[in-house]
Amino acid sequence: MALVNFLIPCFVISTDIAYSCQNTDDFVGASSPGDIVIGGLFAVHSEMLRPEEYPVQPVIQNCAGFEIQIFLQTLAMIHAIETINNSTLLSGVTLGYEIYDTCAEVTKAMASALRFLSKFNSSDDVVEFKCNYSDYVPRIKAVTGASYSEESMAVSRLLALQLIPQVSPASSAEILSDKVRFPSFFRTIPSDFHQTRAMTHLICECGWNWIGVIATDDDNGRFALESFGVQAMANNVCIAFKEMLPAYLSDNTFHTKVDHAIEKIVKETRVNVIVVFMRQFHVLKLFKKAIEKNVKKIWIASDNWSAAVKISTIPNIRQLGTIVGFGFKSGFKNISAFQDFLRKLHDKPTDNNKFLREYIMLLSVCAHLEYHDFQLCISNQSQDDLLENVENKQQIWRDDFLNANIEPGFIHSTILAVYAIAHAIKGQCKDRNCKDPAAFAPWELLEELKKVTLIDDDKEITFDSNGDMSTSYDVLLWKEIDGHVEITTVAEYDPEKDDFIFEDEEKKKQFLDLKKVQSTCSQHCRPGQMKKVTESPHTCCYECVYCPENHYSNQTDMDYCYQCNNRTYWAPINSTTCYRKMIHFLAWTDWFAIFLLLLSTFGIVLVLSISVIFTKNLNTPVVKASGGLTVCYIILLSHFLIFLSTVFFIDEPTEFKCKTRQALFGISFALCISCILIKSLKILLAFSFDPQLQNFLKCVYKPVPTVVTCTGIQVVICTFWLIFRTPFVKQNFSIPRAIILECDEGSIVAFGIMLGYIAALAFICFIFAFKGRKLPENYNEAKFITFGMLIYFIAWIVFIPVYATTFGKYLPAVEIIVVLISNYGILCCTFLPKCYIILYKQETNTKSAFLKMIYTYSSKSAGSVAVSQISLDSKSSSSRATISDSCKSEKNSVNGNCHFQVPGKRLIKGKPLPKNAVRTMARKRLSSI
């Protein structure tokens with residue numbers, strides 16, 4: 001095996017062996033006669049020798065640089081044809097072949113194609129010009145080749161003139177699938193579209209996005225680069241640099257551009273993955289220079305060189321890093337049979353195979369040399385020296401050498417190409433005598449080729465509508481084993497599924513180890529971050545910034561952060577997920593809610609206690625003076641309902657609670673104020689001495705209608721509110737991380753009208769109570785009512801700005817507080833003084849005590865009354881009246897002063913009332929209240 005490794009570079013670089021083309025037959029590299037002849041185009045040599053200046057004559061130049069891999073493909077074609085001839089596939093019809101060397105040059109390939117187009121059995125190899133080639137019989141019926149896509153594009157355009165089928169085992173350019181431009185082209189491999197997609201899939205799988213590409217500056221390289229660029233862009237992979245090397249080794253700028261490419265690779269330190277679309281001899285030159293510069297990367301190989309043994313045996317190749325590539329799927333049966341063919345090759349004659357003869361010459365000259373001496377031999381030997389050395393050397397043969405250099409994918413695809421043509425010929429020869437060269441035309445064979453079905457490894461394969469054979473790729477990994485590099489298959493790429501298939505976990509692990517290498521322009525953005533594009537034109541170059549509040553990212557390298565649903569979710573800065581917002585409301589368990597509930601409960605207990613006290617003292621003057629038990633019960637019931645309404649402000653709001661709490665509070669408060677208003681009117685009526693005011697109060701003082709009317713108006717307001725703009729449960733999103741459940745009042749106007757109406761009642765009540773504030777010392781209820789109304793006004797005046805500026809779950813607590821303050825204020829001012837008298841001053845809670853108190857109050861008021869002298873009209877018969885007559889009626893007493901009315905005149909002050917009149921007035925006051 002060591003000897004093999006030394007021999008391989010010999011055929012890589014080779015010598016300047018050439019055969020002068022004296023006639024067209026000398027142009028043929030290998031041939032064999034047959035009933036039906038198949039042409040072959042293979043780049044057995046890597047370059048065409050060129051003069052130092054541009055050619056001045058149209059002479060086909062000689063070739064140099066023997067390519068052992070392509071030579072093996074010519075042998076695979078010969079082996080396939082011989083196997084078919086020895087089988088029953090064509091039933092007595094033999095296949096012949098003419099194989100030409102294109103020297104990796106389009107011009108040489110086109111010259112070969114002209115030979116194919118020449119008329120059959122023409123001694124002068126004439127290509128006739130016709131308007132219709134339907135009946136034209138060319139030299140060959142089909143062509144296998146060429147080796148490179150650029151050659152196939154040119155040749156296919158010539159062959160399309162006569163629609164001669166061309167089946168290539170190696171040309172993978174995507175453009176060749178275009179049947180409009182290349183109608184007669186077929187291939188037994190997938191197009192570059194699948195290869196570049198497989199490469200991109202591998203790059204994405206490993207997390208790389210910052211790579212370099214090196215390709216040859218020809219049609220094949222440019223089309224492959226274009227196809228890869230489209231796939232890379234679609235998968236957010238950026239190409240940091242693209243280096244194009246000359247397609248021909250004879251180009252004077254080749255070595256300079258190789259040096260420039262290596263410098264670019266070294267300079268781009270963040271690029272650790274290089275994709276290479278080049279021919280084998282280009283890669284050979286590139287890698288030798290890369291080894292000198294100590295470049296270590298991951299190299300992704302195209303199908304042209306992914307299985308090239310001559311590259312894998314370069315000294316110190318392992319220093320380059322890791323090489324992973326894509327090769328054509330190989331058939332084990334075909335390869336095994338071909339290996340047997342190679343073992344018997346030394347028995348084959350070389351008269352009709354110049355390639356084989358040249359191979360034997362090179363083997364004889366170079367096989368005995370050590371590696372370094374072998375390099376000097378290749379570089380110093382001229383053609384004449386080589387021929388001289390051959391004469392002095394004994395021919396040798398190495399059975400294992402050719403087998404060691406087999407690239408299974410290309411051998412398999414070459415054999416498939418020959419068999420595809422053979423099956424198409426079989427279809428044409430069913431009812432024809434195919435020993436006659438004119439039995440069918442190439443264009444008829446072309447139609448038959450489209451329908452061919454082959455069995456490969458127990459699978460049926462056919463050409464698709466683009467002329468491509470849908471086979472899979474082998475993913476090849478170059479591994480160092482026992483000190484040398486071996487090319488192993490770690491996975492299979494299925495183009496239909498766009499996925500990798502692994503045979504076992506060990507190979508999958510080897511594949512996944514590639515992920516350890518980083519090749520990115522920027523560091524990966526972690527979840528919770530997003531990319532921020534920098535000034536670089538590449539989208540792969542970016543900064544990582546945290547996702548803002550209420551945004552998140554849950555994957556690596558996200559271009560943007562997802563926004564949370566602001567209504568129900570939130571997220572902090574640098575978040576990887578959204579969190580559900582907490583639902584907030586004034587819950588039963590909240591300490592403030594508990595405190596308010598205790599206050600309400602205490603108020604209810606206070607109301608019930610007052611009810612019990614008043615019930616037990618039903619017939620006492622204090623209870624009677626408070627309006628009687630019925631009025632007191634109504635007022636106390638109102639206070640009870642107001643305290644109870646606070647319960648509906650606590651815990652999770654519901655539609656029922658939102659509708660009930662305001663209506664219950666509004667109607668209850670209106671009822672309470674209405675009853676207190678009646679009491680104020682009654683007090684003022686009892687102690688007023690102004691006849692006009694008394695007449696007005698007598699008209700207004702209608703207890704039941706007044707209470708019903710005042711309360712009914714509030715009922716109407718609340719009813720309209722609940723019907724047309726009813727309160728409802730609302731989610732308040734003003735707090736970033738919480739949802740506040742609250743009651744929307746539905747209509748602020750209706751809410752304001754309800755509160756305004758209560759305020760109007762309270763204000764009227766306040767006015768009447770204020771007028772009657774100067775009552776007997778032990779019975780000053782109007783004064784306390786005045787204080788209660790003042791407390792109500794202060795509480796609600798403060799409530800308005802506080803309520804308007806408060807938000808959150810404690811907003812209902814604000815309303816509860818103002819309800820409790822106003823309710824406690826009115827309750828305490830209305831009932832606690834009476835309860836104090838009932839409980840602690842029982843001696844004053846008697847009829848005689850009340851009569852005495854009122855008598856004393858009336859006496860003091862009467863003692864201050866003075867009689868005013870008045871001049872009456874002399875013509876009036878009743879110009880005078882006595883004071884006692886004017887004070888007989890209680891109705892003319894105001895504030896203890898006696899008044900009398902002169903017809904047509906206003907009231908005038910008189911003299912103080914007598915004692916018996918004061919007593920009578922006191923009894924009437926007591927009975928009226």
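Is F656 buried or exposed? F656 is exposed, because its relative accessible area is 57% and the cut-off for exposed is over 50%. This is a predicted model.

**Aromatic pairs**

F656 has a ring partner. F648 and F656 form an edge-to-face pair. A search of the whole structure finds 38 aromatic pairs. F338 and F341 are another pair, and this one is stacked, because planes under 30 degrees apart count as stacked and theirs are at 20°. Both residues sit in helix 10, which spans residues 332-343. They are three residues apart, about one turn of the helix. Both F338 and F341 are buried.

| Pair | Centre to centre | Angle between planes | Type |
|---|---|---|---|
| F338 and F341 | 6.1 Å | 20° | stacked |
| F648 and F656 | 6.1 Å | 65° | edge-to-face |

Rings can also join into a group. Ring pairs link F326, F328, F410, Y473, Y493, F500, F502 and F511 into a cluster.

**Charges over rings**

Some rings have a charged residue over the face. K179 lies over F186, at 5.6 Å from the ring centre. R279 lies over Y148, at 4.1 Å from the ring centre.

Three of them form an open sheet, in the order 25-27-26, with mixed pairing. Strand 25 (582-584) and strand 26 (728-732) are the edge strands. Each of these pairs on one side only. Neighbouring strands of the sheet are turned by 30° against each other on average, direction ignored. Strand 25 and strand 27 (residues 738-744) run parallel, joined by three bridges. H584 has I740 in strand 27 as its bridge partner.

Key. Residues numbered from 1 in each chain as written. Predicted model: local features only at pLDDT ≥ 70, side-chain atom pairs only at ≥ 80, totals over all residues. Heavy atoms only, no water. Pairing = 2+ DSSP bridges. Helix = DSSP H or I, 4+ residues; strand = E, 2+ residues; numbered from the N terminus. Axes fitted to C-alpha atoms, helices over the stretch in contact; angles between N-to-C directions. Phe/Tyr/Trp six-rings, centres within 6.5 Å; stacked < 30°, edge-to-face > 60°. Buried < 20%, exposed > 50% of the residue type's maximum accessible area, 1.4 Å probe, protein only. Lys NZ or Arg CZ within 6 Å of the ring centre and 35° of its normal.
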